[in-house]
Amino acid sequence: MRGQNTVSFMGFAPADNPRFLTYIVLDKPYSNAGGGSTAAPVFHDIMSMALERFGVAPSGSKVPKVEQTW
């Protein structure tokens, strides 16, 4: 339909050793804004949850030593 569009945003994390790649597509966004202002916040939320869930350290930080017993 005329006047309707999609916007997208793609990114990976962490920057120094990527483990996740996410591609966000919004169909008929609420405004005519670009992907950086509409899809990027969705990317941020999803990536934040994934990094926390899998215990991935932020870029530039050392991975904490966790004692493991078998």
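Guide: Start with the order of elements. From the N terminus, the protein chain runs β-β-α-α. That comes to two helices and two strands. Keep in mind that this is a predicted model.

Visitor: How does the radius of gyration of the protein chain stand against the globule rule?

Guide: The radius is 17 Å, well over the 11 Å that the rule gives for 70 residues, so the chain is more spread out than a compact globule. The C-alpha trace spans about 60 × 25 × 15 Å along its principal axes. Of the 70 residues, 26% count as buried.

Visitor: Now the strands. Which way do E1 and E2 run relative to each other, parallel or antiparallel?

Guide: Count bridges and check direction. E1 and E2 run antiparallel, joined by eight bridges. They form a hairpin, with six residues between the strands.

Visitor: What should I check in the loops?

Guide: Look at the backbone angles. Pro14 lies in the loop between E1 and E2. The peptide bond joining Ala13 and Pro14 is cis, with omega about -15 degrees. Then go to Lys28, in the loop between E2 and helix H1 (35-38). Lys28 is not a glycine, yet its phi is positive, about 55 degrees.

Visitor: How many aromatic pairs does a search of the whole structure find?

Guide: Two. Read each by the distance between ring centres and the angle between planes; between 30 and 60 degrees, a pair counts as tilted. Phe9 and Phe43 are 5.3 Å apart, centre to centre, with 55 degrees between the planes, a tilted pair. Phe9 belongs to strand E1 (residues 6-13) and Phe43 to helix H2 (residues 40-53), so this pair ties together parts 34 residues apart in sequence.

Visitor: Is Phe43 buried or exposed?

Guide: Compare its relative accessibility with the cut-off: buried means under 20%. Phe43 has 13%, so it counts as buried. Phe9 has 27% and counts as partly exposed.

Visitor: And the other pair?

Guide: That is Phe20 with Phe54: the centres are 5.6 Å apart and the planes at 40 degrees, so this pair is tilted too. Phe20 is in strand E2 (residues 20-27) and Phe54 in the segment after H2, so the pair links distant parts of the chain, 34 residues apart. Phe54 is partly exposed, at 47% relative accessibility. The charged end of Arg53 sits over the Phe54 ring, 5.2 Å from its centre.

Visitor: Which residues make up the largest nonpolar core?

Guide: In soluble globular proteins, nonpolar side chains tend to be buried together. Here the largest core has eight residues: Ala13, Phe20, Ile24, Ala39, Phe43, Met47, Leu51 and Val56. The largest share, three residues, comes from H2.

Visitor: What does Phe43 contact, leaving aside neighbours within four places in sequence?

Guide: Phe43 is in contact with Phe9, Gly11, Phe12, Thr22 and Ile24.

Visitor: Can we end with Thr38? What does it touch, not counting residues up to four places away?

Guide: Thr38 lies in helix H1. Its relative accessible area is 7%, so Thr38 is buried. It touches Val7, Leu26, Tyr30, Ser31 and Ala33. For the chain as a whole, take contacts between residues at least 6 apart in sequence: 48% of them join residues at least 24 apart.

Key: Residues numbered from 1 in each chain as written. Predicted model: local features only at pLDDT ≥ 70, side-chain atom pairs only at ≥ 80, totals over all residues. Heavy atoms only, no water. Phe/Tyr/Trp six-rings, centres within 6.5 Å; stacked < 30°, edge-to-face > 60°. Helix = DSSP H or I, 4+ residues; strand = E, 2+ residues; numbered from the N terminus. Buried < 20%, exposed > 50% of the residue type's maximum accessible area, 1.4 Å probe, protein only. Lys NZ or Arg CZ within 6 Å of the ring centre and 35° of its normal. Pairing = 2+ DSSP bridges. Core = buried A, V, L, I, M, F, W, Y, C linked by side-chain atoms within 4.5 Å. Contact = heavy atoms within 4.5 Å. Rg over C-alpha atoms; globule rule 2.2 N^0.38 Å.
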